[in-house]
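Please read it beside the model.

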Amino acid sequence: MKKIAKILLASVFVLTFCSCEDFLEEEPKSQISVDQFFKDQGDVESVVNSLYGSGVLNRYRTGDFQINEMLGGYLSGFFENERTERPGPFEANNLTLNSDNLDAYLFAYWRDAYDAISRANTAIKYIPEVEGISASEGNRLLAEAKFFRAFNYFHLVRDFGDVPLITEPYESLDNLYVARSPSEDIYSLIIDDLNWALTNGDLPKITFYSNGHRITEGVVAATLANVQLQKAGFPLLGGAESYAKAADAARLVINSGNYSLTSHGETLENSAFNKNRTSDSSNETVFAIEINQQYRQSNLYALTVPKYAAVPGVIPGDVWIVYRPLEEYLRIYDPAKDLRIQNHQLWYSSIDRNGLTYDFNGNWAPFVWYDEEALFETGKTERDIKISTYSEILLIAAEAIAQSTGVTSEAVEYLADVRSRAYWNTDRSQIESELAGLSKEQFIEEVWKERLRELPFLFKTWSDIQRTRMYPVTSAENPGEVEFVNVIGHINPYGATYQEKHLLLPIATRVKDRNPEITGNGY
Amino acid sequence: MKAKQIRKLLFFGAIFCFTITQAQTTVSGTVTDATGPMPGINIQVKGTSVGTQTDFDGNYILENIEENATLVFSFIGYSTKEIQINGDTEIDVNMEKDQESLEEVVVIGYGTARRSEITGAVGMVSSEELSEQPSVNPLENLRGKIAGVTVFSNSGVPGGDNKVLIRGQGTINASTEPLYVVDGLQMDNIDYLNPSDIESMEVLKDASSAAIYGARGANGVVLITTQGGLKGGGLAIEFKTNVSAGVMANKRNSLYRPMNSEEFMDVQRIAVENAPYFRDYPEGDEPKLILENDLLFNSQGDPLYNTDWEKEVTRTTFSIDNHLSIRSGNEKSSTGLFINYTDDKGIIKTSSLKRANVKFSYNATLAKWLSMGTDFRLTQVWESVPEVEGSGVTAISRAITEFAPIFPVKWPDGSYSNSTQTGGTSLIQEGAPNPVSVLNEVENLVNRTNSNGSIFADINFTPELTLRTQFGFVNKKFENKYYASKEILNLGYPDGRARIINNSSLYWQNENYLTYEKSLNDSRFTAMLGASWQAYDIYDSNISVYGFNNDFFKYNNVGVAENSNPPQSNYNDWSMNSYFFRGNYSYNDKYTMTVTGRMDGSSRFGSNNKYAFFPSVGVSWNISEENFMSDIKIIDMLRFRASYGVTGNSEMGSYNSLATIYSGTNLIGGELRSTSAFARLANPDLKWERNNQINVGFNLNAFNNIIELEADYYYKLTSDLLLDRPVPSITGFTSIVDNIGEVSNRGLDLMISTRNIETSKFAWTTSFTMNYNKNKVEALGENDEDIFPGPFWVGGSQTILRVGEPVGSFWGYKRLGIWGTDEADEAASEGKLPGMIKRSAEKQIIGVGSPDFRGSFINRFNFGQFDAVIDLQFSQGAEILQQFVTTAEDRQALTNGFKTQLYESWTPENQNTFVPMIRHTVLSGQDLKVDDHWVADGSYIRGNLISLGYTFDNKVIDKLGVNNFRLSFSMENAFVIHSNDFKGYDPESNGQWDDSNFSQNIFFYSYPKARTLIFGLAAKF
């Protein structure tokens, strides 16, 4: 018995050496657990902060040997990428893209957009619950969150059509498999969000730069103008009502007095286009992605010099033209009149460096992204990436007014503002009188041409084709002349024929695999 | 002449002349045991090399031996007998089974067991086998020694890069590494352990043996016992030194070597000539090859340089490895001191590993009922780690093939060349620094300080009942210092870049267990009951800066840099609390049953699943002890074993069950603002992977123990896989960690040892081990959907997880060939031209990286004072995904590449090929996709070790005060025979994808392995 007692005693000793209740509790120290969060203004503000430069905005800044938002340009058949080995450009040029060969690319687009939407939803849910936040501060944060939610949904609905409509943050795994909602519902949410931000958001009525790179009323209004313009055309055909609303939103920007077109300096090096290229804070910029050498970098400057030019002293190991316009595109400009197609304005075909000229073998590249200091000295650019500009808003206004109320003097004035700056040797009154004499349809086509010439770096070429379903056909004999033909059935410069399905992107295989409710887009 | 010198002379003289004259006689007789005559018994005249063996009838005869000699009769498994002749001419001997050998004990978790009572699958490597191969990393000594224990040696990097896989991969996201237990202390790796003081390594392969380690046992357990003080008493000093030379082991197949300057220029020329074939150029605007650069070309356009980059970055190395141990002891205590210094240099210049290692061990018996002991190890490691394997253009192993040979290492002005310096020419080269400049001007230093140790006390309550209480810790400090010079394109250019990473971790464990042992008549009973507490935390921080005015300060003064990335720090911890027991009952030495159980609690799992129970049961039946077997003479021992058990895998990151907020910063208005976002959804049900394993096996010794056979069949099913379950992106999450899916492994472990020849003059033994393993994904996710786990490279994940297929199946297109001229129309419909690559429309499974069969064939010889080992290892049934094919062969003109570009590429005259027409990547585009042209048969036979040793006769060296003196000469990695399709250095690698569970045999370029010649000297005093 004594022995058994000994064994028992020893066993008890062994097993109860330390039986602390909380020994297995987890307390992360470098992450915060959710129940400790959303307590004060700083918490929700930091969720809103995470939306800047993220989501679909990433597409304007990053990509694998390209910038993702360039996909539309490749689809139009007007632009190509010299780095052909990465999936995307080649498939888009040849219209051989599908759910599989662009899976990585399409999946990232979808994921990044919903990632931002999810964070915006989190902010929108929790901002009203935070105590001690002032009404105006709360509304400003809510307006920013709603803006980013709308901005991300806008890209999704434009490029994918019907998409799942998610307006609440996921906090459990319930309701994982949501089907696609009609595009109309998505547009309704987008427009509601943007209108809410304009009406209740208490957003500053100053420029994006004056506002410390935060969302302003102008940014929201410019986005709304874009949204209404897109909605007015295909596939929703919102028509005159949407055009009128686009015009109203554009006027909000125009009449704010905060924005203006940059004017030319004395020399061609100091033209408005070069001023815009070298300066971030001009009043022409409405919305941009902030770039900083240290914290948010852009390699656009390295993606606009051809390797074969062999310019000595280039800092990045690799330089490429990733957005090379084809001859078919460059012919939208009349080289006799248009400053934009002169070398070293919007485009360039050679680099002058240390007194020598390095030729691009007859190719052209975007000069807008050329940054001499970054290329040859620092290896890092400070130039912001423009998402929306005043010239774009003027062109939206001109088209929207013409579409909804006809070729008014106001519409003529807006288009003439943009065109006369580019036609630097042409009298403005001549331009105005030519425009005023046009029919509604002719005038609208003039706006479309001007958009092609003025906005290639806002990547509007493809979204214009998406909404108008008209493909611009240029002329080798008469540069500057453009004929618009039905895109469906048209053959692009790569010999590929557009079908209706090409106006939306394929849904990534991984998106479909993960959610059986998601159907494809006919690829 | 001094006495010392005389002794030396005698010493060497004795080796060469050894003559004895005395009265001689002849002895004969028969050797028997309980069952009858015994053939093959060793008989030796004591103190001489004279001896013989019994014939098939057990008879022997020995002639011309001294009348007063002593005969030594020995046989494995039997007690050795010594009989003095005393003038007899006929001596019959009856051999008896060696009780001690029957009772040979094996280390198992929390205790030891008799070898004859093991019910599971436990592999053993003795210190003799371990010391055969002089290596820096103890895992290399384990390679090929135990069936079912695969040690992949994936790189030639100093110190080795080994990955251990026991009985196939049973997990997808958790670690695949076994648990290491060094003298009772649990560790997650043993990379820097001193191999020379290891006494034995045991591997617990099946669930019945590993279940005692519960949630950490699913990948198997490697138990390591190191030497302590001297048990018996006295003083023993041992010194070992190895000096080795490493040379490049394998020159690659000549067609897969980089082109020289002339060939490189041929490809450049053809690529430009072909440009109008791929794209229309206006007349006169066709690209031309211009070579106006007098630093690179002479006036005829011939290149001035022809640099062999492989030669420039590799070297023949000399490494040393010294070991000293001092052990002493008396009746009450014992002490051991073990010192090791290693300087291991890699065959890529500047790569090296130096290691200093000290271990101190002390044991004392304080009272009849109490003994205590401690072990303490301190290891310091200094490494220089140039980036050899990587996917970027700066990786050395890539640059060997791809950096153009037309560049010099340095220009006449003393500056390093880089590939952008092609001014005046039309050459377009992918921008990269030359590999020699990367080796010399980019520093990547790693310092590690590891200390670990334990202290224990054994309390004997009664002779049968013992309590062991042990406390152990492992403390690791890691420091990485990096600096890339301002000169080095892509890495430091233009203003220098420095990085410092620090981390320190502390693990501690406290384990207490009671052992009760009792023998009663024919029964033997052992029981063990214990509890364990473990905790681990790690803190890391890193700083990264750039913008230096000069290259002086490097990482030593990061404050002078003009810019910095946001500094980072991170904290992580986990803890476990466990209870375990084992019962072992053995009856009549015939029947044994073992039952174990472990209850594990871990912080890493969800609040609903903090604890889990891991049971196992095993039985064994010693058939040869049964009466009915006594007539079957050819069988000496036959034992069946069967077991079933459950183990777990909890090796995943912490906090995965909690919903957490990610916090960071974002640029807004020129400043960083704090940001946050949901990082993870909560999963309170998260738990360990569950591994159910059945093992059935037997041990057979036959023909008087000439053949020993051990065979085990196993089936293990891992369920509740810790899976990054993909969720729809609309949630804002990419995946959540969940327990979904099943993977099975089934296979056979086989080990055959034979004693082929055993005479007093010559002995030859063979050991053959083999593992056959079949791996299969049984279930995945919610709907068995495919998962693409990476590595991600050139268009998506290169492996797929698909139900019914092995894990790590390669995923890509089939290369059907090259479009021919008669297929122009068909090619055009896919946007292709004749000369371009023709692939299948859909991706499919194009290979598997893990072998079907793997094993070793080791022959050991003894002749006189010499011993020799020939150790061959083989692998069969795996494929290799040679990612470098894409850049070295399919992507042309942008960099240098394989000679196949020039000699095997498609031309209208050579259409039957898999190499596309020469096409200038930049001018004419390219078509890179993962396809089965990358895949090669990965089977191989490796000459792992060939060694020859000479042990001086003790009689001779005794006089010098030396007990044992051995010289050896060995060659490691002597040769590799592999398939002709394989285009790299060594078929066993995972290149830069080291961190992926699915990357075995997938690599871009890899660190070439050395063939190492080692001269070793070992002396015991």
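Predicted model: local features only at pLDDT ≥ 70, side-chain atom pairs only at ≥ 80, totals over all residues.

1. Residues are numbered from 1 along each chain as its sequence is written, and side-chain values use heavy atoms, with hydrogens and water left out.

2. The contact (heavy atoms within 4.5 Å) draws 80 residues from chain A and 91 residues from chain B. Between them the chains bury about 7300 Å², 61% of it on carbon and sulfur atoms, buried area being the accessible area (1.4 Å probe) that two parts lose on being put together, summed over both. Of the area that chain A buries against chain B, 11% comes from A:F23, A:L24 and A:E26, more than from any other three residues.

3. One salt bridge (a side-chain nitrogen of Lys or Arg within 4 Å of a carboxyl oxygen of Asp or Glu) is counted between chain A and chain B. A:E80 forms a salt bridge with B:R279, with the closest N and O atoms 3.0 Å apart.

4. Strand β1 (32-33) of chain A runs antiparallel to strand β32 (residues 660-668) of chain B, and two bridges join them; strands are DSSP runs (E, at least two residues), numbered from the N terminus, and two of them pair if DSSP finds at least two bridges between them. The bridge partner of A:S33 in β32(B) is B:T660.

Methods. Chains lettered and ligands numbered in written order. Helix = DSSP H or I, 4+ residues; strand = E, 2+ residues; numbered from the N terminus.
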